[in-house]
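Thank you all for coming.

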Amino acid sequence: MLDLKFIRENSEKVKEAIKNKREKLDLDVILNLDEQRRKILLEAESLRQKRNEFSKIIAQMKKEGKNTDKEIAQMKTVSDRITVLDQNLRDVEQQLEQWLLRVPNVPHPSVPVGEDESANKLVKEWGEIKKLDFKPLPHWELGRILGILDLERASKISGSGFIVFTGKGALLERSLINFMLDLHTQKHGYKEIFPPYLVNRDSMTGTGQLPKLEEDMYLLKNDDYFLIPTAEVPLTNLHRDEILKAEGLPIYYTAYTACFRREAGAYGKETKGMIRVHQFDKVELVKIVEPQNSYDELEKLLQNAEEVLQLLGLPYRVRLLCTGDLSFAAAKCYDIEVWAPGVEKYLEVSSNSNFEDFQARRIGIKYKPTPNSKPELVHTLNGSGVALPRTVIGILENYQTAKGTVVIPEVLRPYMHGISELT
RNA sequence: GGAGAGGUGGCCGAGCGGCUGAAGGCAGCUGCCUGCUAAGCAGUUGUGGGGGAAACUCCACCCCGGGUUCGAAUCCCGGCCUCUCCGCCA
């Protein structure tokens with residue numbers, strides 16, 4: 001959420017951002033409501049002031065045994081007017097709130113303006129794409145041959161877009177989770193969290209999934225709980241409505257969770273294999289930092305995520321998203337994409353974003369730069385470090401051999417009871 | 001799921017319907033004093049919003065939302081959360 005004052009004073013800039021992010025929103029409605037609000041507020045507050053003054057007078061008169069009928073009758077009409085104004089104010093503020101939640105964050109100046117994916121800027125390519133002397137198989141073939149992936153039974157017990165890992169496949173999944181968590185906690189200084197997978201509506205609104213993306217979320221209607229689409233939601237909301245101490249910043253959190261996405265409207269796209277699924281595992285990174293550091297922190301966050309792929313020896317590229325591809329709440333975002341030779345595609349495994357104070361304002365995370373200063377909003381960031389099924393795809397397809405076996409990357413072997421190859 | 005207790009400022013804790021943004025204590029900050037430390041004395045310390053160039057000023061907030069009243073932290077209704085006991089359960 002943007003600051004109403006900021007919107008008032010920078011309306012052209014915000015309109016530009018709405019356009020570049022391809023959102024549809026009439027900002028004038030908000031500016032109008034804002035004006036109404038302040039007008040009502042002015043009248044209501046001056047009436048309140050009057051009422052407070054008379055309240056004291058009435059109390060004093062009663063003490064002195066004077067008749068207060070006239071004053072009370074007068075205040076009755078004042079109170080009635082206040083009631084009406086309050087009702088109006090409530091209506092206006094409710095509308096305003098609903099509109100404000102739909103205003104996207106303003107992209108950082110370094111973000112390229114563009115319509116869609118094609119305008120994203122390539123910033124890095126890492127690793128070598130190996131030349132194979134055989135035709136690489138897609139992961140679903142490898143998974144079937146090796147007996148580690150059972151997509152048929154997954155769709156029997158749940159439906160399409162679900163995965164069953166079996167045997168060493170399950171072990172590989174678990175090993176990757178542990179490897180990543182160890183890397184981030186031991187080497188990069190993140191604190192490990194194990195949060196709930198079900199969160200309430202406030203949390204989903206706080207990080208910006210709601211109201212815009214409600215259709216993409218799994219909702220438990222009986223209890224109004226949402227299944228988290230990413231650990232970003234519980235992690236960033238941990239400090240909702242808190243004022244943090246400056247010396248406690250930056251905060252680095254990492255968590256493994258399952259993630260749940262309906263992928264509504266995505267049917268027909270990447271339905272084969274496990275490129276796009278409704279439930280997947282992910283290790284997430286979240287940072288809460290002082291505003292002046294947030295762009296340095298973004299670069300470091302990106303490096304932390306990249307290191308996962310470097311250690312796994314998977315070729316990848318990094319792209320800076322253009323305005324049209326940038327998510328609603330983000331000011332700047334780098335995607336990391338792993339090369340998958342079996343499907344001959346780059347697959348997005350990590351998205352690293354700086355939200356500046358956009359989420360912090362929604363959920364009320366502030367800090368005091370010095371013990372005596374006024375609270376200021378923090379900046380929040382998050383990145384995937386990294387998402388699993390596609391990383392597994394990367395491993396299977398990149399490390400496959402002509403015999404149809406898959407070599408296990410060195411760093412994972414200690415986690416896999418020393419297994420060096422899936423046969 | 002059943003029965004009970006409770007939710008007040010950074011923390012502890014008081015609060016007859018008006019004089020309470022809220023006693024008192026602790027912690028923090030600022031002065032004074034003291035050869036360090038500790039103690040002592042005085043002052044000060046919440047958040048959000050409106051108006052103002054500013055000094056400043058006004059309004060709201062005692063879990064949340066309604067209501068009663070001229071006036072509510074204080075009364076009434078609904079909700080959420082915490083704790084204790086019983087039941088059920090991986």
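Of the 27 residues around RNA strand B, which come nearest? They are Arg37, Ser55, Met75, Ser79 and Lys366, where a residue counts as near a strand if one of its heavy atoms lies within 4 Å of it. On the RNA side, sugar and phosphate account for 78% of the atoms of RNA strand B that come within 4 Å of the protein.

Before I go on, a word on conventions: this is a predicted model, in which local features need pLDDT of at least 70 and side-chain atom pairs count only at pLDDT 80 or more, while totals for chains, interfaces and linings use all residues. Residues are numbered from 1 along each chain as its sequence is written, chains are lettered from A and ligands numbered from 1 in the order in which they are written, and side-chain values use heavy atoms, with hydrogens and water left out.

Let me turn to the phosphates. The largest share, 14 residues, comes from H3.

Now to the interior, and to strand E10 (residues 332-340), which is largely enclosed by the rest of the structure because 9 of its 9 residues are buried, meaning under 20% relative accessible area with a 1.4 Å probe and protein chains only. Strand E9 (residues 316-320) runs antiparallel to E10 and is joined to it by 5 bridges, with Ile336 as the bridge partner of Val318. Strand E11 (residues 345-354) is likewise antiparallel to E10, through 9 bridges, and there Cys333 stands opposite Ser353. In the hairpin of E10 and E11, which has 4 residues between the strands, Glu344 takes a positive phi near 55°.

Finally, Leu172 lies in helix H7 (residues 168-187) and counts as buried because its relative accessibility is 1%. Beyond its neighbours within four places in sequence, Leu172 is in contact (heavy atoms within 4.5 Å) with Val392, Ile408, Leu412 and Met416.

Definitions and conventions: Helices (H or I, at least four residues) and strands (E, at least two) are DSSP runs, numbered from the N terminus. Buried means under 20% relative accessible area, exposed over 50%, partly exposed in between (1.4 Å probe, protein chains only). Two strands pair if DSSP finds at least two bridges between them.
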